[in-house]
Amino acid sequence: MPLSTDERLKLAFLEDLPNGDITTDSIFTESKMGRARLIAKDDLVVSHRSLFEQAIRFLCPQATFKWEFTDGDFALEKQTLCVIQGDLVKILKAERVSLNFLGHLCGIATLTRCFVNQVKHTDCKILDTRKTLPLYRALEKAAVVHGGGQNHRMTLSDAILIKENHIRAAGSIRNAINKIKSETKAPIEVEVTNLEEIKIAVALKVTRLLLDNMTNDQMSEALKIVPATIRTEASGNMKLDRVKSVAELGVDYISVGALTHSAPHADLSLLFEW
C-alpha cells in the first residue's frame, strides 16, 4: 500500500531530526512567534501546496498560511508564494523537509509546463511515464498534472501495454497481441519500432501504438498507414527541443520520462521575519 502523508512525513522528519535539532534547540529555549515568507528563487509552477502545509504543521500544528498562488499557477522569480505565521522555532525545524518536498514537486510541474508550452498549438498531449521514485509516484504524477500534462497508466494494473520484452517472450508481436486478446477485451497499446510491426498491429486492431525511438521521418511514414481509429504515442528521446516538431507530425501523445526522472529541483526559500 502507498504511504499515507502522515507516514511519509514521519519518516522524513525522523531522517532529518533523529535526535532533535541541536543547533536550534541550543539557541532557542522558548517559542518565538512571527512569520516567514515562501519565496520563489526561480520562475516556477506551483505544485502540492497542501503537502507543504502538512509538512510545516507536522511540527507546528498552529501554523497558518496565506497563499498568493494555487497549484498549477506560474510564479516569477522573487515573488512571495505564501506567508506563514506561527512558532518560528518549530517552522525553522520543518524548513528543509517542507522545502525538499515542495522543490522536487514544483520542479516536475515546471518542467512539464515547458514541454506543454512547446506543443500547445497542436492537439498533442504530453504524458508522463512510470519512471518515478519508488513510493513517490502519486505525488510526482500529480505534479505533472499541475504542470498541464496528463498521466499515463499509474500502475501495471491499470492498462495493457505490450513492450519489447513482452514481444520477445511471446515470440512475435502477433503472438503477444493475440494472446492478450484471448484473455481480455481490454484496450491494448503496443510498442512498435518499424513499419512491419505497425502493419501487424493495425491489422489486429489494437487501440494505441507506441512509436518507440523513431526518427521524425520514420514517424511521418508510420502515420500514413495508421487509421484514425488508432491513437498514436511517440516515445523515446523526447527532449524539449524536439517535441514541437514531433507534435506537428500529428501524433496524439508524446510520453516523456524526463518529466519525473530528470526534472531540476525548483529553487525556493523561507525568509524568516523574527
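Of the 274 residues in the protein chain, 47% are buried. The model is a predicted one. Its secondary structure consists of 11 helices and 12 strands. Along the principal axes, the C-alpha atoms of the protein chain fill a box of roughly 75 × 35 × 25 Å. When contacts between residues at least 6 apart in sequence are taken, 68% of them join residues at least 24 apart.

The accessible surface of the protein chain amounts to about 14,300 Å², and carbon and sulfur atoms account for 51% of that area. Charged side chains comprise 35 positive and 35 negative groups; the centres of these two sets are separated by 5 Å.

The largest pocket has a volume of about 470 Å³. Its lining is made up of 23 residues, and those nearest the pocket centre are Thr129, Lys131, Lys163, Ser235 and Ser255. Two or more lining residues are contributed by each of strand 9 (208-212), strand 10 (231-235) and helix 11 (258-261).

Arg8 is located in helix 1, which spans residues 5-16. This residue counts as buried because its relative accessibility is 9%, and the cut-off for burial is under 20%. Leaving aside residues up to four places away in sequence, Arg8 touches Leu3, Phe101, Leu135, Tyr136 and Leu139. Between Arg8 and Asn117, the C-alpha to C-alpha distance is 33 Å, with a sequence separation of 109 residues.

Methods
Residues are numbered from 1 along each chain as its sequence is written. This is a predicted model: local features need pLDDT of at least 70, side-chain atom pairs count only at pLDDT 80 or more; totals for chains, interfaces and linings use all residues. Side-chain values use heavy atoms; hydrogens and water are left out. Helices (H or I, at least four residues) and strands (E, at least two) are DSSP runs, numbered from the N terminus. Buried means under 20% relative accessible area, exposed over 50%, partly exposed in between (1.4 Å probe, protein chains only). Contact means heavy atoms within 4.5 Å. Accessible areas come from the Shrake-Rupley method with a 1.4 Å probe; for residues, only the protein chains shown count as cover. Lys and Arg count as positive and Asp and Glu as negative; His and the chain ends are not counted. The place of a charge is taken as NZ of Lys, CZ of Arg, CG of Asp or CD of Glu. On a 1 Å grid over the protein atoms alone, a cavity is a set of points where a 1.4 Å probe fits but cannot get out, and a pocket is an open set with protein on both sides within 12 Å along at least five of seven lines; lining residues have an atom within 4 Å of a point. Grid points are joined across faces, edges and corners, and a volume is the space filled by probe spheres set on the points.
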